[in-house]
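I opened the model to look up its strands, its core and its surface. My entries follow.

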Amino acid sequence: MPIEAKKLAGGYGSTAIIQDINFAVKTGEWLSLIGANGSGKSTLLKLLCRILQPQRGT
């Protein structure tokens, strides 16, 4: 799996912005993130890139 998240949770400090996210994107698949401002799109990407340390999950 090129990108996979299992029970991923994290955010800033002790505040979890993202909680219990599960998904997998296989080779050749596309994933789009859409949502309102402040909904956690950038936080999710930062967790996946390890810019932010996950509070739990992989």
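I began with the strands: strand 1 (residues 3–12) and strand 2 (residues 15–25) pair in the antiparallel sense over seven bridges. Strands (E, at least two residues) and helices (H or I, at least four) are DSSP runs numbered from the N terminus, and two strands pair if DSSP finds at least two bridges between them. The model is predicted, with pLDDT of at least 70 needed for local features and 80 or more for side-chain atom pairs, while totals for chains, interfaces and linings use all residues. Residues are numbered from 1 along each chain as its sequence is written, and side-chain values use heavy atoms, leaving out hydrogens and water.

Next I listed the largest nonpolar core: Ala5, Leu8, Ile18, Phe23, Val25, Leu44, Leu47 and Leu52, eight residues in all. Strand 1, strand 2 and helix 1 each supply at least two residues of this core, and strand 2 gives the largest share, three residues. Such a core is a set of buried Ala, Val, Leu, Ile, Met, Phe, Trp, Tyr and Cys residues joined through side-chain atoms within 4.5 Å; buried means under 20% relative accessible area, exposed over 50%, partly exposed in between (1.4 Å probe, protein chains only).

Last, I looked at Leu45, which lies in helix 1 (residues 41–48). I noted Leu45 as partly exposed because its relative accessibility is 45%.
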